[in-house]
Amino acid sequence: MMGKIVVGKEEAEHRLIRRADMVACKLAFIDCKLPGSERKENYSLIGPGVTQSKDQVVNLTETHGFSVGAAAMPAGTVNNLHMHFTAEVFMVYQGRWKFRWGCGTDVAEVDAGPGDILSIPTWVFRGFSNVGQSDGWIFTLLGGDDTGGIIWHPSVLEAAAAHGMYLTRGNMLVDTQAGDPMPSSEEILRPLDAGQVASLPRYTAADMDRRIVWCSQRDWSRSALLGSIAQQGCELAPALGYGITESRDQVPGVSNPHGFSVEWMRLSAGASSGRFMLREKLVIFVMSGSIDLVLNDADSALRITVDAQDMYSVPAGAWREIRCAGNTPAEIILAVAGDHRKRVVWPQEVLDEAQAAGYVLDPNGYIASLDMLPPTALGVGVAADTLIA
């Protein structure tokens, strides 16, 4: 049985992260004083991520099974080569970007823009630059609650030392120019040697293309959620992992384990997802337009307006409905914890409305026409509803 969560007003407001509440750290990483990198801003929005600064502000410290961050970089700014142990996914919100991976003679690169989603493999050096003419913004998703930090390319550590910047074995930044005491040689993190760098996996441009979901190639479906199938104004497009889609025809563009799933939702003016519940935590990124997020039952409903570049974390077990706010269509990204396929829980009124329109969930949890199913295959949606305590 899954217990129903009623979200209080204070908690509901606490889980909203508006753009104005996001606090930049300009010395979050060891490369932040290198020429070309000194203007980048780093944000830890949910969980600390991989920040190396003790001064980093984290908006929401509650564990989600993944961390959320952001990078803001003016035109021409560079983020230098580094490596992650857990998944790193880039979701471009604004600007034109060049992503690169590998090192030495094995470097490959690709350009990306607003709406593109890229998953860079673990244990490979990567970096990126703002190659556009204006400021850029990227949201990032990192696998796990404890990422283990990152490894910088030896050339970055060498260049940073010339600016008085060092990393300890505990992955914390030491800025001697700002008055931090010089760590001992035993305390300083040892860079990888040439043999270790050479042993890392290699990915060609063709390999990486299979890990990118281009905005222009999103696979939208108007029949992806039982709660909105009758009104046809809510669409889903899977990007990474197995999310909440109930369309048997939809598959994610990237399917290897990350610890979370990512999919797009598009709402036309006046459209709604329908009221539903998840057993997992859900983070909503508003990429364009605005949404009204309605939490709880009707007798305790709370409405939160979430605007473009804002985020919201919905707790597991809470009823929620996502509505388009205003007359402008909205596009949002849904990130849900876990690599498994998520099963939406619908209230009885949604099940009844869908059935009246001729749709039900088949025994595998996918949307099907009511007139095609035998009596033995009916009742799955009602069974799911009984999971609510």
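**Pockets, cavity and sheets**

A: Starting with the second largest pocket of this predicted model, its lining is made up of Leu27, Gln52, Ser53, Lys54, Asp55, Met165, Met172, Leu173, Asp175, Ala178 and Asp180.

Q: How much space lies in the second largest pocket, and what does its lining have by class?
A: The space is about 180 Å³. By class, five of the lining residues are nonpolar, two are polar and four are charged.

Q: And the largest pocket, how much space lies in that?
A: About 250 Å³.

Q: Which residues lie nearest its centre?
A: Ile150, Ile151, Arg169, Leu189 and Arg190 lie nearest the centre of the largest pocket, out of 14 residues that line it.

Q: Which element gives the largest share of that lining?
A: Strand S12 does, with three residues.

Q: What about the classes in the lining of the largest pocket?
A: Eight residues are nonpolar, four are polar and two are charged.

Q: Which elements give two or more residues to the lining of the largest cavity?
A: Strands S2 (41-46), S4 (66-73), S5, S6 (88-94), S11 (136-143) and S12. The largest share, four residues, comes from S4.

Q: How do the residues of that lining divide, nonpolar, polar and charged?
A: Twelve are nonpolar, eleven are polar and two are charged in the lining of the largest cavity.

Q: Why look for empty space with a probe at all?
A: Because rolling a probe the size of a water molecule over the atoms shows where empty space is left.

Q: Back to S2. Where is the place of Glu41, and what is Glu41 in contact with, leaving aside its neighbours within four places in sequence?
A: Glu41 has its place in strand S2. With those neighbours left aside, Glu41 is in contact with Ala24, Cys25, Lys26, Ala70, Ala71 and Ala72.

Q: How many Å apart in space are Glu41 and Met172?
A: The C-alpha to C-alpha distance between Glu41 and Met172 is 17 Å, and they are 131 residues apart in sequence. Met172 is one of the residues that line the second largest pocket.

Q: Switching to sheets. What order has the open sheet of five strands?
A: The order is S8-S7-S10-S5-S12, and the pairing is antiparallel.

Q: Which strands stand at the edges there, and why is one side of each left without a neighbour?
A: Strand S8 (108-112) and strand S12 (150-152) are the edge strands; each has a single partner strand, so one side of each has no neighbour in the sheet. From one strand to the next the twist averages 30°.

Q: Over how many bridges do S5 and S10 pair?
A: Strand S5 (residues 78-84) and strand S10 (residues 126-130) pair over three bridges, in the antiparallel sense. Val78 has Ser129 as its bridge partner in S10.

Q: What about the open sheet of three strands, what order has it?
A: S20-S19-S22, with antiparallel pairing. Strand S20 (302-307) and strand S22 (320-324) stand at the edges, and each has a single partner strand, so one side of each lacks a neighbour in the sheet. The twist averages 25° from one strand to the next.

Q: How many bridges join S19 to S20?
A: Six bridges join strand S19 (residues 290-295) to S20, and the two run antiparallel. The bridge partner of Leu295 in S20 is Leu302.

Q: Last topic, confidence. What is the mean pLDDT of the chain, and where does pLDDT stay under 50?
A: The mean pLDDT is 93, and 97% of the residues in the chain reach 70 or more. Over residues 381-389 pLDDT stays under 50, and the model has 25 contacts beyond four places in sequence for that stretch.

How values were computed
Residues numbered from 1 in each chain as written. Predicted model: local features only at pLDDT ≥ 70, side-chain atom pairs only at ≥ 80, totals over all residues. Heavy atoms only, no water. Pairing = 2+ DSSP bridges. Axes fitted to C-alpha atoms, helices over the stretch in contact; angles between N-to-C directions. 1 Å grid on protein atoms, 1.4 Å probe; cavity = no way out; pocket = protein on both sides within 12 Å on 5 of 7 lines; lining within 4 Å. Points joined across faces, edges and corners; volume = space filled by probe spheres on them. Nonpolar A, V, L, I, M, F, W, Y, C, P; charged D, E, K, R; others polar. pLDDT = per-residue confidence, 0-100. Contact = heavy atoms within 4.5 Å.
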